[in-house]
Amino acid sequence: WRRLRASPATRRAHAPVCVRARPPGSAPWRPATESLFVTSSPRSSQAEMPPPTIVVVGCSGGVGSFAVRSALASGATVRALARTRAKAEKAVGADAFGRMDTFVEGNVSDASTLDALLDAASAGADPATVTVLSCLGTPQGSKPCVLSGTRCVMEAMARAGLSRLVMISSGGVGDSLAQGQAMAPIFIRCIVPLFLRKIFADLERAEEVCWSGAGGVRCVAVRPPALTDKPGMGDYKLVSAANLRPSKKAKIAREDVAA
């Protein structure tokens with residue numbers, strides 16, 4: 001919904017975000033060399049396009065709350081889901097929360113909750129202008145839930161006639177494993193196997209579901225490196241998983257990922 005910006009002066013300094021997209025009709029799990037990646041896109045005229053609608057699933061989290069504010073700042077219509085209204089309002093901010101078109105309180109596993117969210121998004125809107133952003137994550141100490149949540153979101157999207165899905169994954173997942181090992185060797189080779197194995201396995205299976213294209217849903221997986229709560233820099237780049245050392249630092253602000 002917002003065009004990506006990257007200046008030559010900052011491309012070397014900022015951590016990259018790996019993005020993988022599977023176009024419709026292609027076979028699942030294409031090699032990394034065949035994946036579609038975007039490096040940067042110039043701003044285009046918005047006059048020919050109606051305002052986009054961004055549906056944020058999981059708006060009370062770090063990336064999700066920033067995504068709501070970023071989408072509102074760009075002029076998009078925003079609809080969002082979170083389990084708790086009070087937590088979502090605190091995370092997003094009272095002003096931004098009040099400017100959202102729709103907020104639905106509930107669990108992503110509840111089909112009626114998702115239907116209420118996505119039916120509102122698709123009502124009277126061109127499906128091509130509606131993008132669902134899944135910011136689902138596994139809370140500390142909880143059972144991994146991104147796979148089950150992603151399935152529920154895709155099924156609800158199919159029922160609503162929507163096809164554009166973006167999911168927040170992680171560097172080191174899928175065909176970005178080698179990149180993760182090169183950028184953050186201790187984290188990927190030691191920390192993940194010892195403490196985060198189930199969470200990363202859950203993310204990988206969630207991506208597999210996305211690449212299946214079930215219900216006609218097309219997905220882009222955003223794989224940031226380590227996330228920080230520092231203010232966003234406003235400049236970032238998207239790189240191929242085949243680029244093993246795109247940056248010196250394997251960190252990026254949540255605000256930049258959301259933008």
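Guide: pLDDT is the predictor's confidence in each residue, from 0 to 100. This is a predicted model, where local features need pLDDT of at least 70, side-chain atom pairs count only at pLDDT 80 or more, and totals for chains, interfaces and linings use all residues. Residues are numbered from 1 along each chain as its sequence is written, and side-chain values use heavy atoms, without hydrogens and water.

Visitor: What is the mean pLDDT of the protein?
Guide: Residues at 70 or more make up 81% of the protein. The mean pLDDT is 84.

Visitor: Is threonine 53 buried or exposed?
Guide: Threonine 53 lies in strand 2 (residues 53–57); strands are DSSP runs of E, at least two residues, numbered from the N terminus. Buried means under 20% relative accessible area, exposed over 50%, partly exposed in between (1.4 Å probe, protein chains only). Threonine 53 has 5% relative accessibility, so threonine 53 is buried.

Visitor: How many residues of the contact of helix 5 with helix 6 are charged?
Guide: The axes of helix 5 (residues 111–122) and helix 6 (residues 146–160) are 9 Å apart. The contact includes Asp115 and Asp119 of helix 5 and Arg159 of helix 6. Asp, Glu, Lys and Arg count as charged. The contact has eight nonpolar residues, one polar and three charged.

Definitions and conventions: Axes fitted to C-alpha atoms, helices over the stretch in contact; angles between N-to-C directions. Helix = DSSP H or I, 4+ residues; strand = E, 2+ residues; numbered from the N terminus. Contact = heavy atoms within 4.5 Å.
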